[in-house]
Amino acid sequence: MKIFWSWTVFFIIIFLSQIAISHFITEPWGARTLSETLDKGYDVLYFGDSTVDASADTDTDKAPITEMLRRLKPELSIADLSRSSNHLGLYEAMVGQIAKSGKKPVIIIPINMRSFSPWYDKRPEFQFEKEIFYLTAPSPLIACFYKPLAVFRAINVNAVTFSEFYQTPVYRGKKQIGIVADFNDTVLATTTPENIKTSFMLGYMFDLDAKHRKLDSLRNIIDQADRSGIKIYFYITPINHEQGEKFYGKEFKEQMEKNTDTVCAILKEKKHSCLNLAFSVDPSYFQSPVLPSEHLNEKGRMFVAEEVAKML
Amino acid sequence: MLFNSFSFLIFFPVVTAGYFLAPHKYRWAFLLAASCVFYMAFIPYYILILFTAIGIDYYAGIKIEDTEDVKKRKTYLILSVVSTSLLLILFKYFNFFNANFKEIASFLHWNYSIGFLSIALPIGLSFHTFQSLSYVIEVYRRKQKAERHLGIYSLYVMFYPQLVAGPIERPQNLLHQFRERHEFDYLRLRAGLQRMLWGFFKKAVIADNLAMYVGLVFGNPHHYSGAPLLLASVFFAFQIYCDFSGYSDIALGSAKVMGFDLMENFKVPYGATTVTEFWRRWHISLSSWIRDYIFFPLSMGWRKMGKLGIVCATLVTFAFAGLWHGASWLFVFFGLLHGFVLSLELLTSRWRNKISSFFPDICSNIFGRLYVFSFWTASLVFFRAGTFADALYIVSRFPSGISEFGRTVGTALFQMSVAPFRMLFSTLQLYYGNLRFSFLLGLVLVVIVSEILEYKIGLFVLLNKIPKIFRWIWYVVLVLSIMNLGVTTEVLFIYFQF
């Protein structure tokens with residue numbers, strides 16, 4: 001009997017410790033932040049990635065877009081649910097969780113065109129399997145056992161390994177021009193004109209297929225929101241397109257227009273408006289006027305905040 | 001079925017409980033059925049290959065024992081060895097030999113039109129083939145009686161704890177155990193589970209986490225400078241050890257729970273002070289197999305050549321050992337490298353003993369271990385790298401890696417005089433990117449400490465001496481570590497590919 005009770009206590013300790021660890025230590029950002037935010041009953045939930053809060057060194061006002069929006073719309077309570085590298089796949093899980101909660105906040109979702117590029121889409125650290133599992137698990141208890149279930153392959157985590165990532169094809173339009181391994185992160189981090197030019201191509205000049213998995217996520221987001229009566233506003237984040245055109249001429253603009261049209265077509269098909277800000281600003285609105293980054297400076301963030309305010 | 005899978009977590013307690021609940025008369029059948037289920041979790045119809053090999057060697061063993069005619073005995077032995085080996089050659093080496101013949105034919109402008117086979121390697125083929133060969137050879141040598149019970153013999157080959165990655169058992173050790181009555185024993189259960197838990201920790205936490213960094217660097221070696229290449233190579237040495245010894249621990253532990261004692265496969269190999277000693281401590285079941293069935297016969301046959309004969313036997317043996325690991329010239333080179341160094345050690349043993357006698361034992365031991373570890377790490381690059389060119393590139397960067405690493409650590413240590421201790425790890429972590437460098441280093445330290453404890457007093461001996469409460473805390477820590485620090489991407493047991 002003593003042995004029986006020893007084992008019983010042992011398993012209870014493991015069970016409770018795992019719940020504690022997963023709740024207090026390893027609970028992922030998305031699940032924790034979303035549940036806390038929903039409890040507070042915000043009017044507007046602003047999703048997004050680093051384009052929401054990145055700022056330039058020269059900014060006097062370093063407020064994120066959400067803060068600027070609050071100033072424009074003081075009557076609304078706005079929660080900032082942005083985090084670097086977030087994307088439509090994660091938003092899909094978040095919207096699902098909001099729909100389950102029965103709450104009906106207004107949701108704003110920026111769509112970053114770079115997030116569709118193989119370079120970003122297949123990056124292992126951007127898969128957020130854990131966050132998505134926590135948000136979509138049938139019960140919080142199962143979510144607590146995410147890690148052990150994943151370690152012992154009871155659930156298919158479907159992570160992308162680095163070796164798989166490095167073998168991912170890279171495209172210019174519809175033509176494959178190599179694999180990710182051919183374009184070294186470390187090399188591209190140095191800002192030579194050649195590297196900047198390559199970065200523009202890697203980030204934007206793929207041909208976006210309407211069957212892209214993130215576009216499927218977009219459709220699912222809209223369907224879930226529509227079923228639950230949740231209002232969602234989408235906008236496509238600004239791109240430093242003039243700089244891209246300097247390197248690639250008309251080809252860059254045409255490819256970008258084609259890709260943004262693909263996104264807008266889905267929104268229109270689902271009877272949602274498409275605020276396309278991809279070509280709305282010149283390089284002076286960006287954190288860097290030269291680099292292929294969607295990060296905006298003060299002027300750029302204020303522009304986006306004003307456009308979003310007009311939508312609301 | 002993988003050990004680190006949810007299905008095994010269900011399979012193991014069910015099979016263990018079923019084993020003890022089954023009447024002793026039928027336990028062999030129950031275990032055999034369970035082992036079939038275990039094997040068929042991979043590619044089900046491949047079990048027919050296993051049955052074929054079992055049938056051949058079972059029949060050969062009986063025929064060898066039943067005849068006194070030397071020629072007939074030899075014929076049955078050769079038939080068994082050739083047909084069993086043919087299975088291995090067909091699945092594992094056909095494409096390799098075919099590719100080489102194609103190259104030669106192309107060079108000689110011959111017409112060569114045999115295509116390649118696209119068939120998956122049956123899991124564990126190299127292991128259970130050697131185990132079967134060992135049985136037939138021992139029967140031939142009259143050191144083992146032929147097993148007349150087909151079921152017991154089948155279980156000898158298919159016993160699930162050691163079916164897919166060893167240890168490669170000898171019939172003298174394992175066969176008789178299937179007839180012994182094993183009663184449930186709590187202390188034995190505890191010992192087995194302790195071993196399994198430690199094996200899971202080594203595999204899921206240490207080996208798999210190190211594998212992430214190793215895979216990153218070895219996947220694109222030309223993108224990295226000397227220090228990351230050196231670091232990845234060192235990490236790989238720990239990864240492969242924890243991966244394989246972890247698997248062996250799980251195998252030995254799960255067998256022990258049911259009362260079976262499998263042979264030890266590792267004995268603190270990184271404590272060896274010569275490469276010769278290393279191979280008596282690393283993958284012992286394979287190294288003893290190739291020693292008994294390849295090296296000894298060859299060296300006996302070439303004994304008239306004196307030391308040259310032993311050297312030749314060593315080189316051939318290790319070339320064979322390298323080839324066993326994989327169908328590639330890289331593996332052959334790996335084997336030959338070890339054969340060469342072993343031969344050097346043999347030829348210089350007298351001088352080395354004389355030189356080391358001038359130094360205190362502790363200095364000789366430290367130097368010896370550093371020498372063995374350095375050589376092993378460098379040789380493993382050929383084991384792990386995708387191509388010969390990549391392997392040479394990596395090894396050639398070691399000297400610059402050492403100086404680069406030394407400068408980084410030196411800078412960090414200098415900064416420690418004005419900054420908190422954590423600066424050391426922050427600096428190194430920044431240097432090597434966002435890959436939890438200090439965590440990986442911590443894992444390596446865990447291995448080193450555990451190996452020292454194992455060497456000095458025995459890890460499990462120590463564990464069972466400490467107060468019960470601390471022992472249970474240790475179990476809780478290990479289980480929670482496996483559950484939360486294990487890797488969630490697929491990282492196969494390295495030796496599964498062999």
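**Note on helix and sheet packing**

1. In this predicted model, H9(B) and H15(B) are roughly perpendicular to each other, because their packing angle of about 85 degrees falls in the range of 65 to 115 that counts as such. Helix H9 covers residues 226-257 of chain B and helix H15 covers residues 361-384 of chain B, and their axes are 9 Å apart.

2. On the H9(B) side, the contact is made by B:Ser233, B:Val234, B:Phe236, B:Ala237, B:Phe238 and B:Ile240. H15(B) contributes B:Phe373, B:Trp376, B:Thr377, B:Leu380, B:Val381, B:Phe383 and B:Arg384. Sorted by class, the residues of this contact are ten nonpolar, two polar and one charged.

3. Chain A holds an open sheet of five strands with parallel pairing, in the order S2-S1-S3-S6-S7. The edges are strand S2 (78-80) and strand S7 (275-276) of chain A; each has a single partner strand, so one side of each lacks a neighbour in the sheet.

4. Within that sheet, strand S3 (residues 106-111) of chain A pairs with strand S6 (residues 232-236) of chain A in the parallel sense, over five bridges. A:Pro110 stands opposite A:Tyr235 in S6(A).

5. Helix H14 (residues 250-269) of chain A packs on the sheet and touches S3, S6 and S7 of chain A. The direction of H14 makes about 165 degrees with that of S6(A).

6. Helix H15 of chain A, residues 298-311, lies across strand S1 (44-46), S3, S6 and S7 of chain A. This helix runs at about 145 degrees to S6(A).

Terms used: Residues are numbered from 1 along each chain as its sequence is written. Chains are lettered from A and ligands numbered from 1 in the order in which they are written. This is a predicted model: local features need pLDDT of at least 70, side-chain atom pairs count only at pLDDT 80 or more; totals for chains, interfaces and linings use all residues. Side-chain values use heavy atoms; hydrogens and water are left out. Axes are lines fitted to C-alpha atoms, for helices over the stretch in contact, and angles run from 0 to 180 degrees between N-to-C directions. Helices (H or I, at least four residues) and strands (E, at least two) are DSSP runs, numbered from the N terminus. Angles under 35 degrees count as roughly parallel, over 145 as roughly antiparallel, 65 to 115 as roughly perpendicular and the rest as oblique. Contact means heavy atoms within 4.5 Å. Ala, Val, Leu, Ile, Met, Phe, Trp, Tyr, Cys and Pro count as nonpolar, Asp, Glu, Lys and Arg as charged, and the others, Gly among them, as polar. Two strands pair if DSSP finds at least two bridges between them.
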